[in-house]
Amino acid sequence: METKVTREKALELLKKYNKDAFHLQHAYTVEAVMRWYAKELGYGDEDFWGLCGLLHDVDFENYPEEHCAKAPELLAEIDAEEELIHAVCSHGYGICSDVKPEHEMEKVLFAADELTGLIGAAALMRPSKSCTDMELSSLKKKFKDKKFAAGCSRDIIRTGAEQLGWELDRLLSMTLDAMKATEDIVRSQS
């Protein structure tokens with residue numbers, strides 16, 4: 001989809017409402033992962049997918065109790081298209097939003113958002129502090145350990161895989177590959 005929202009405008013909006021380095025890094029990570037998925041899945045709509053990832057939590061830091069509900073108002077500041085607003089709101093489906101993910105991009109965003117947090121936490125536990133040397137088997141062990149990164153909902157990740165019609169291993173493997181491929185890009189922005 002062609003979008004009139006530039007990355008510069010999106011980044012300006014994100015930084016207007018998000019100051020915490022962790023939240024900004026998460027936004028950059030999800031943006032990079034979404035761009036990777038757009039290319040990998042053959043959509044070729046990397047800019048739009050990336051913007052949805054970058055802005056998915058635009059309202060979270062300042063309006064945690066209104067997460068996903070406040071987003072349309074904030075996104076209106078940059079004249080975001082309805083498709084972008086729908087995608088951002090749908091990533092909280094069943095948690096803080098009743099906007100259902102419909103397009104494959106929205107389903108990827110729903111699934112990968114939570115999973116990037118789990119992979120990021122697992123990477124920090126490694127001597128390298130990187131996911132580039134992480135094996136899928138190691139990630140699966142962390143996924144099964146409910147005490148590890150307890151704030152990352154395994155149910156949301158499983159639901160995301162189901163919405164996509166994917167086996168959980170495919171989602172874990174692809175998102176890990178996406179984070180490995182984009183780690184340097186994310187670090188250069190943080």
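On a 1 Å grid over the protein atoms alone, a cavity is a set of points where a 1.4 Å probe fits but cannot get out, and a pocket is an open set with protein on both sides within 12 Å along at least five of seven lines; lining residues have an atom within 4 Å of a point. Grid points are joined across faces, edges and corners, and a volume is the space filled by probe spheres set on the points. With that settled, the largest cavity here holds about 50 Å³ of space, and the largest pocket has a volume of about 900 Å³.

This is a predicted model, so to speak of local features takes a pLDDT of at least 70 and side-chain atom pairs count only at pLDDT 80 or more, while totals for chains, interfaces and linings use all residues. Numbering runs from 1 along each chain as its sequence is written, and side-chain values use heavy atoms, with hydrogens and water left out.

**The cavity**
- Counting cavities of 30 Å³ or more gives one.
- Helices here are DSSP runs (H or I, at least four residues), numbered from the N terminus.
- By class, that lining has three nonpolar, three polar and one charged residues. For the classes, Ala, Val, Leu, Ile, Met, Phe, Trp, Tyr, Cys and Pro count as nonpolar, Asp, Glu, Lys and Arg as charged, and the others, Gly among them, as polar.

**The largest pocket**
- A total of 32 residues line the largest pocket, and Phe22, His26, Asp113, Thr116 and Gly117 lie nearest its centre.
- Helix 2 (21–40), helix 6 (104–124) and helix 9 (168–189) each put at least two residues into this lining, with helix 6 giving the most, nine residues.
- The lining splits into 13 nonpolar, 13 polar and six charged residues.

**Helix 2 against helix 9**
- These two pack at an angle of about 125°, their axes 8 Å apart. Axes are lines fitted to C-alpha atoms, for helices over the stretch in contact, and angles run from 0 to 180 degrees between N-to-C directions.
- Helix 2 and helix 9 are therefore oblique to each other (under 35 degrees is roughly parallel, over 145 roughly antiparallel, 65 to 115 roughly perpendicular, and the rest oblique).
- On the helix 2 side, the contact (heavy atoms within 4.5 Å) includes Tyr28, Trp36 and Tyr37, and on the helix 9 side Leu171, Met174 and Val186 are among the partners.
- Eleven nonpolar, five polar and three charged residues make up the contact of helix 2 with helix 9.

**Helix 3 against helix 5**
- The axes of helix 3 (residues 46–55) and helix 5 (residues 82–90) come within 9 Å and cross at roughly 45°, which makes helix 3 oblique to helix 5.
- Phe48, Leu51, Cys52 and Leu55 of helix 3 meet Glu83, Leu84, Ala87 and Val88 of helix 5.
- That contact has seven nonpolar, no polar and one charged residues.

**Helix 6 against helix 7**
- Helix 6 and helix 7 (residues 136–144) have axes that come within 10 Å and cross at roughly 110°, which makes helix 6 roughly perpendicular to helix 7.
- Leu118, Ile119 and Ala122 of helix 6 and Leu139, Lys142 and Phe143 of helix 7 make the contact, with five nonpolar, no polar and one charged residues by class.
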